[in-house]
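Me: I would like to learn how to read a few features of a model. Could we start with pockets, then go on to salt bridges and strands?

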Amino acid sequence: MTDANQASRATEGNRVRQAGVKAVKPRDAATLFIIRRDGPKPRVLMGKRHGGHDFMANLWVFPGGRVDKTDFKGPFATDLRPEVAAKFQTYVSPGKARALGLAAIRETFEEAGLLLAKPVEPRPAIGPWREFMAHGAAPDLEALSLVYRAVTPPMLAKRFDTWFLMADAERLVSLERQPDCGELEEIAWFDFGEALDLKLPMVTRSVITEVMAQLEEPGRPIPYMRFRSGPTKPRIL
């Protein structure tokens, strides 16, 4: 794929910034690739974004979103595994590493109504964590592994520095969506071939393809995609 085609694909479903406007700084974000292995083929959880969004409208994505300030002091039942924390901490502080993991788990609850968590006694929490903790569960950071990182192109009006994390569906409290939860229009489990046939953002397609390769080749280097002026060159974390 040429660089021009990559740029075109990267802007699909997104609002391009106006000419002469300075590129915005990417916001920290995290998303969660949940893999289900209880069938003949591995399946991934995908959700469809509403057509009214100005970022990735009408596209199928993994649940996720930007880091909230409360994620830096969010509750957790288990911590990041040492090897995952070490990979994060090459680039960010320990506090931000944990906040990124918590953001992925919180957003999965808010967008898909699923809890990647361990049972705990219900206790008070602030802001967006209040409803999560009311379910008597606290985030299971130990379940997370790191599979990809991507920064959206500078030509977009909204930009994110997104860390793509993966967890097994068996670590969910339940496969059933919690009532009155879920910002995504619909969610469903797809095998990888089915997922690649959906209308996807370019980066989501790349992540699915990469996870397929990682499952075949454990220990494979983790890609870091960052769009700049000129040719786009994939890097590794």
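Reply: Residue classes come first: Ala, Val, Leu, Ile, Met, Phe, Trp, Tyr, Cys and Pro count as nonpolar, Asp, Glu, Lys and Arg as charged, and the others, Gly among them, as polar. This is a predicted model, where local features need pLDDT of at least 70, side-chain atom pairs count only at pLDDT 80 or more, and totals for chains, interfaces and linings use all residues. Residues are numbered from 1 along each chain as its sequence is written, and side-chain values use heavy atoms, with hydrogens and water left out.

Me: How do the residues lining the second largest pocket divide by class?

Reply: First, the term. On a 1 Å grid over the protein atoms alone, a pocket is an open set of points where a 1.4 Å probe fits, with protein on both sides within 12 Å along at least five of seven lines; lining residues have an atom within 4 Å of a point. Here the lining of the second largest pocket holds 6 nonpolar, 3 polar and 3 charged residues. Among them are Arg37, Met166, Gln214, Glu217 and Arg220.

Me: What is the volume of the second largest pocket?

Reply: A volume is the space filled by probe spheres set on the points, with grid points joined across faces, edges and corners. For the second largest pocket that is about 190 Å³.

Me: Which element gives the most to that lining?

Reply: Helices (H or I, at least four residues) and strands (E, at least two) are DSSP runs, numbered from the N terminus. Strand E7 (145-151) gives the most, with 3 residues. E7 and H6 each supply at least two residues.

Me: Arg220 is on the lining list. Which residue in helix H6 does Arg220 link to?

Reply: The general idea is that side chains of opposite charge can pair when their charged atoms come close. The rule for a salt bridge is a side-chain nitrogen of Lys or Arg within 4 Å of a carboxyl oxygen of Asp or Glu. Glu210 forms one with Arg220, the closest N and O atoms being 2.8 Å apart. The pair links distant parts of the chain: Glu210 sits in helix H6 (residues 202-216), Arg220 in the loop between H6 and strand E10 (223-226), 10 residues apart. Glu217 also forms a salt bridge with Arg220, at 3.3 Å between the closest N and O atoms.

Me: Which strands pair with E1?

Reply: Two strands pair if DSSP finds at least two bridges between them. E1 (residues 27-36) runs parallel to E8 (residues 160-168), joined by 9 bridges. There, Ile34 has Ala167 as bridge partner. E1 pairs antiparallel with E4 (residues 64-66) over 3 bridges, and antiparallel with E2 (residues 43-48) over 2 bridges. A hairpin through 6 residues joins E1 to E2.

Me: How many E1 residues are buried?

Reply: E1 is mostly covered, with 8 of its 10 residues buried.

Methods:
Buried means under 20% relative accessible area, exposed over 50%, partly exposed in between (1.4 Å probe, protein chains only).
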